[in-house]
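Please keep the sequence and the 3D view open while reading.

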Amino acid sequence: MTVRNEDRATVTEDPAAEGPDGALEVWIDQELCTGDGICVQYAPEVFELDIDGLAYVKSADDELLQEPGATTPVPLPLLADVRDSAKECPGDCIHVRRVSDKVEVYGPDAE
Ligand code: SF4
């Protein structure tokens, strides 16, 4: 937990979080989800396991988004948690990308 709090403190130094074009969105490829729930532990405001045992993103008003490729905005205060989810995801199936140009910044397709 201490490490994660330190991560959170440095999040403003992350170039992906800066500037007017820094807004990010996240989606999950359920085809690869193992259902372990790590993402839900990191960011329950953004991710949720459904009864099918797979993780989905949630809308800002807490609605589960189950369409394939559905995205939800990444709230800046939760960026570190969402980023860590993508890094720790054993299925490599959490994709965080810029809204402006759809370039992936965290996840299996990030450069
Ligand atoms: S961390 Fe990845 S594999 Fe695990 S439940 Fe979340 S999306 Fe699925």
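Four strands form an open sheet in the order β5-β1-β6-β7, and the pairing is antiparallel. Strands here are DSSP runs of E of at least two residues, helices are runs of H or I of at least four, and both are numbered from the N terminus. Two strands pair if DSSP finds at least two bridges between them. Because β5 (72–73) and β7 stand at the edges with a single partner strand each, one side of each has no neighbour in the sheet. In general, strands of a sheet pair through backbone hydrogen bonds.

This is a predicted model, in which local features need pLDDT of at least 70 and side-chain atom pairs count only at pLDDT 80 or more, while totals for chains, interfaces and linings use all residues. Residues are numbered from 1 along each chain as its sequence is written.

At one end of the sheet, β6 and β7 run antiparallel and are joined by 2 bridges. Arg 97 stands opposite Glu 104 in β7. The loop between β6 (94–98) and β7 (104–106) holds Lys 102. This lysine has a positive phi of about 65 degrees although it is not a glycine. Lys 102 counts as exposed because it has 10 C-beta neighbours inside 10 Å. The scale used is as follows: with C-beta atoms placed from the backbone, a residue is buried if 20 or more other C-beta atoms lie within 10 Å of its own, exposed if 12 or fewer, and partly exposed in between.

A second residue of this kind is Asp 62, in the loop between β3 (55–58) and β4 (64–65). Its phi is near 75 degrees, again positive in a residue other than glycine. Asp 62 is exposed, because 8 other C-beta atoms lie within 10 Å. Most residues other than glycine have a negative phi.

What lies across the sheet strands β1 (24–28), β6 and β7? Helix α3 (residues 79–88) does, and it runs at about 130 degrees to β6. Such angles run from 0 to 180 degrees between N-to-C directions, with axes fitted to C-alpha atoms, for helices over the stretch in contact. Contact means that the C-beta atoms of two residues, placed from the backbone, lie within 7 Å.

The largest nonpolar core has 24 residues. A core of this type is a set of buried Ala, Val, Leu, Ile, Met, Phe, Trp, Tyr and Cys residues joined through C-beta atoms within 7 Å. Val 26, Ile 28, Cys 39, Val 57, Val 82, Ile 94 and Val 96 have the most contacts inside the core. At least two core residues come from each of β1, α2 (38–42), β3, α3, β6 and β7. Outside the four places on either side in sequence, Val 57 touches residues including Val 26, Ile 28, Phe 47 and Leu 65.

There are 15 residues around the ligand, and Cys 33, Cys 39, Ala 55, Cys 89 and Gly 91 come nearest. A residue is near a molecule if its C-beta atom, placed from the backbone, lies within 6 Å of it.

Leu 49 lies in strand β2 (residues 47–49). This leucine counts as partly exposed because it has 17 C-beta neighbours inside 10 Å. Apart from neighbours within four places in sequence, Leu 49 is in contact with Gly 35, Gly 37, Val 40, Leu 54 and Ala 55.
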